[in-house]
Amino acid sequence: MKQDSGQVLPNAGATASVTEARAARRALGWAGASSLALAWLPDFLPALAWLAWPQVLASTLAHELGHGLAALVSGGGFDSLQLYADGSGVAHTRSAGGAMQRALIAAGGPLGPPLAALGLFLAARRAGAARAALALISLLLAFALVIWVRTAFGALWVGLCAALAGAAAWRASGAWVQALACLVAVQLCLSSLSRLGGLFSRTARTGAGELLSDTGQLADLLWAPHWFWGALIVLLSAAVMLTGVWAFFLALREDR
C-alpha cells in the first residue's frame, strides 16, 4: 500500500499565472524603456525625429476610428477614413439623431486612444488575452482597410499595421505578445498626452484643410465653450489611462 508522503504538489494553474505575471512585468519594463527612448532620442539626435512619426500615426488612426465607431454605436454611419503622411486624419461620419448623438461622435475621437490603451493594458496581463487583442486589432484594421480607408497613404499604413498585428498574434511567443500589447498601450498614452493641447483649440489643421476641432464641434452642439470640453476630455482621458495602468499592476500584485 503506497503511503502519502505529505508533499504538496504545485498548482499548475497558479504556476502558469505567476509565470505570465513575471512576463507581464518584463513586458511593461521593456515597453516603458522603449517608449522613453522613442520620446527622448529625437531631442538628443534630431536626425532621429522620424521615430516619433509612427506613434503619431498610430494615435491618429485610433482617434479617427474612435469617431467612426462612436458613430456606428450611436446609430449613425461611418462613410470613410482619410489618413495623411503629416500625421493628420479625417473621419467622415453620418448622424441620424440630434445634437447629443453628434456630440458623442465628436467625443469618440479624442477618447479613442485612451480607451484603446485601457483595453490593451487589461489584455497584456495574460498572454492569451494579449494574443486575442492583437488578433482583434488585425481583423478590425483589415476590415477598415477594405471598407473605410480612402487615401493611398492611409491604405499603406493601415495595411502595414494590420499585417504586423496579425503576424504577432499568430507567430510571436506569449512574452512577446504581452510586450507588444504593453508597448502599443504606452505609446497610445504618450501620444494622447502629447496632443492634449489641441483639445483647447477651436479649429484643427489637417491634410484636408482647416476644420472645426472636436471640442469646437462640442461647443457648437452643446452649451459650454470649447475649452470646457477640452478640460473634461483631458480629465476623462487621464482617468481611463490610469485605470488601465492600475488594473495592470493590481493583477501583477495578486499573482505574486
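This is a predicted model: local features need pLDDT of at least 70, side-chain atom pairs count only at pLDDT 80 or more; totals for chains, interfaces and linings use all residues.

Trainee: Where does L211 lie?

Mentor: L211 lies in strand β4, residues 209-212. Residues are numbered from 1 along each chain as its sequence is written, and side-chain values use heavy atoms, with hydrogens and water left out.

Trainee: Why is L211 called partly exposed?

Mentor: Its relative accessible area is 34%. Buried means under 20%, exposed means over 50%, and partly exposed is in between, with a 1.4 Å probe and protein chains only. The value of 34% falls in between, so L211 is partly exposed.

Trainee: What does L211 touch?

Mentor: Not counting residues up to four places away in sequence, L211 touches V90, T203, A204 and T206. Contact means heavy atoms within 4.5 Å. L211 and V90 are 121 residues apart in sequence, and their C-alpha atoms are 9.4 Å apart in space.

Trainee: What makes T60 buried?

Mentor: T60 has 2% relative accessibility, so it counts as buried. T60 has its place in helix α2, residues 53-73. Neighbours within four places aside, T60 is in contact with L83, G87, S88, G89 and R195.

Trainee: How do you know that G66 is buried?

Mentor: The relative accessible area of G66 is 12%, so it is buried. G66 also lies in helix α2. Its contacts, leaving aside neighbours within four places in sequence, are G108, G109 and G112. G66 and P113 are 47 residues apart in sequence, yet 7.7 Å apart in space, C-alpha to C-alpha.

Trainee: Which label does P110 get, buried or exposed?

Mentor: P110 counts as buried, at 10% relative accessibility. It is found in helix α3. P110 touches H63, H67, L199, D214, I233 and S237, not counting residues up to four places away in sequence.

Trainee: What is known about M241?

Mentor: M241 lies in helix α8. At 8% relative accessibility, M241 counts as buried. Leaving aside neighbours within four places in sequence, M241 is in contact with P114, C189, S192 and L193.

Trainee: How many aromatic pairs are there?

Mentor: A search of the whole structure finds 7 aromatic pairs. One of them is F121 with F248, an edge-to-face pair.

Trainee: Why is the pair of F121 and F248 called edge-to-face?

Mentor: Rings of Phe, Tyr and Trp (its six-membered ring) pair if their centres lie within 6.5 Å; planes under 30 degrees apart count as stacked, over 60 as edge-to-face and the rest as tilted. The centres of F121 and F248 are 6.0 Å apart, and the angle between the planes is 65°. The distance is within 6.5 Å and the angle is over 60, so this is an edge-to-face pair.

Trainee: What does that pair tie together?

Mentor: F121 lies in helix α3 (residues 99-123) and F248 in helix α8 (residues 226-254), so the pair ties together parts that are 127 residues apart in sequence. F121 and F248 are both buried.

Trainee: Which residues do ring pairs link into a cluster?

Mentor: F78, F143 and W148 are linked into a cluster by ring pairs.

Trainee: How do you know that R171 lies over the face of W170?

Mentor: R171 is at 5.4 Å from the ring centre of W170 and lies over its face. The rule asks for NZ of Lys or CZ of Arg within 6 Å of the ring centre and within 35 degrees of the ring normal.

Trainee: What span should helix α4 have?

Mentor: Helix α4 (residues 127-147) has 21 residues and should span 30 Å at 1.5 Å a residue; its end C-alpha atoms are 30 Å apart, which agrees. The expected span is 1.5 Å times one less than the number of residues.

Trainee: Which residues of α4 are buried?

Mentor: A127, A130, A133, L134, S138, L141 and A144 are buried in α4. They cover an arc of only 140° around the axis, which puts them on the same side of α4. The arc is that of the directions from the helix axis to the C-beta atoms. On the other side of α4, L136, L139 and V146 are exposed.

Technical notes:
Helices (H or I, at least four residues) and strands (E, at least two) are DSSP runs, numbered from the N terminus.
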